[in-house]
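User: I am new to reading protein models. Please take me through one, feature by feature.

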Amino acid sequence: MKVKFLGTGTSTGVPEIGCSCEVCTSDNIKDRRLRASVLISINETRLLIDCGPDFRQQILPEQFSKIHAVLLTHEHYDHVGGMDDLRPFCRFGDVDIYGNRTTLNALKDRIPYSFTENKYPGVPLLNLHEIESDDFFSIQGVNILPVKLMHYKLPILGYRIGNFAYLTDVKYIPEEEYDKLKDLDVLVISALRIGDHMSHLNLAQALDEVKKISPKQAYFIHMSHQMGLHDKVERDLPENVSLSYDGLDIEL
Ligand SMILES: [Zn+2]
Ligand SMILES: [Zn+2]
Ligand SMILES: [Zn+2]
């Protein structure tokens, strides 16, 4: 199983438009963060988690082949803003989209033309699959377990695939969900910034979650410029925790 981090930034991306802080003006490419998404390959099966507004730019350098499923975490723009750019992938057939009911309903409002009876030629053809947090499902023989997370008051989904889990936009994890996160080789979890935030874990809180879940290795995602410079933050992290960066490839 291979995981490519297509984007590791928060909703605004980094640099943030109009900001001249040391992170937004840094020359280090690891301080440039597109909106959060990963592309997972398991043999010939390709899964995309989230499809934000930077999707076009993120997928252009990748091999052009079928995406077997898009797993959506929630309906915020930074996670679904690029859905229309799935159009080219309809050459391989309709694209299968998985998400909870709230997310799929919001998608129908966002790109209604994909869901009308008489579709304008060329619109993205999407098959929606509604899942809830306890529905185990399988794509091309790959088993996927959704994990319920709370993003302030909004219930959203994380996903476990084998010994890999992807949890973004987390504020807290309901106690009963920790059972699904045992014995992970890799945990990817959001850590927004140093300071507190109403709907996201900050760095200290994300480190506490890593300690509690105790994966072999953890990577932080969904970072804002207020996290600080990549190299500086990275130096003080425990040995099994790293900041991710755009373009990072890992193999499990
Ligand atoms: Zn987000
Ligand atoms: Zn900045
Ligand atoms: Zn969000």
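This is a predicted model: local features need pLDDT of at least 70, side-chain atom pairs count only at pLDDT 80 or more; totals for chains, interfaces and linings use all residues.

User: What lies 3.5 Å from the zinc ion (ligand 3)?

Analyst: The zinc ion (ligand 1). D169 coordinates both ions. In other words, D169 is a bridge between them.

User: Which protein donors does the zinc ion (ligand 1) have?

Analyst: They are D78 (OD), H79 (NE2), D169 (OD) and H222 (NE2). They lie 2.1 to 2.3 Å from the ion. Here too the site is irregular, with angles of 89 to 165° among 4 donor atoms.

User: How are these donor residues spaced in sequence?

Analyst: The pattern for the zinc ion (ligand 1) is D-H-x89-D-x52-H. D78 belongs to helix α2 (residues 77–80), while H222 is in the loop between β12 (217–221) and α5 (230–235), so the two tie together parts that are 144 residues apart in sequence. D78 is buried, with a relative accessible area of 5%. H222 is buried as well, at 1%.

User: Let us turn to sheets. What holds strands together, and in which order do the 7 strands of the open sheet run?

Analyst: Strands pair through backbone hydrogen bonds, either parallel or antiparallel. In this open sheet the order is β6-β5-β4-β3-β2-β1-β14, and the pairing is mixed. At the edges are β6 (126–130) and β14 (249–251), each pairing on one side only. On average, neighbouring strands are turned by 20° against each other, direction ignored.

User: How do β1 and β2 run, and what is the bridge partner of V3?

Analyst: Strand β1 (residues 2–7) and β2 run antiparallel, joined by 5 bridges. V3 has I40 in β2 as its bridge partner. A helix also packs on this sheet: α3 (residues 101–110) touches β5 and β6. The direction of α3 makes about 155° with that of β6.

User: Where is V95, and which residues is V95 in contact with?

Analyst: V95 is in strand β5 (residues 95–99). V95 is buried, at 2% relative accessibility. Leaving aside neighbours within four places, its contacts include I67, V70, L86 and F89. The C-alpha atoms of V95 and A69 are 6.6 Å apart, though 26 residues separate them along the chain.

User: How do I read the two faces of a strand, and which side chains of β11 lie on each side?

Analyst: In a regular strand, side chains alternate between the two faces of the sheet. In β11, V186, V188 and S190 lie on one side. L187 and I189 lie on the other. All of them are buried, and both faces are covered.

User: Which strands does β11 pair with?

Analyst: Strand β10 (residues 164–167) runs parallel to β11, with 4 bridges. Y166 stands opposite V188 there. β11 and β12 are also parallel, joined by 5 bridges. L187 has A218 in β12 as its bridge partner. From β11 the chain crosses through helix α4 (residues 203–213) to β12, and this β-α-β crossover is right-handed.

Conventions: Residues are numbered from 1 along each chain as its sequence is written. Chains are lettered from A and ligands numbered from 1 in the order in which they are written. Side-chain values use heavy atoms; hydrogens and water are left out. Donors are N, O and S atoms within 2.8 Å of the metal (3.2 Å for Na, K and Ca); water is not among the atoms, so sites may look incomplete. Four donors count as tetrahedral if all angles lie between 85 and 135 degrees; four count as square planar and six as octahedral if opposite donors are over 155 degrees apart and all others between 65 and 115; anything else is irregular. Buried means under 20% relative accessible area, exposed over 50%, partly exposed in between (1.4 Å probe, protein chains only). Contact means heavy atoms within 4.5 Å. Two strands pair if DSSP finds at least two bridges between them. A crossover is right-handed if, with the strands pointing away from the viewer, the path from the first strand over the helix to the second runs clockwise. Axes are lines fitted to C-alpha atoms, for helices over the stretch in contact, and angles run from 0 to 180 degrees between N-to-C directions.
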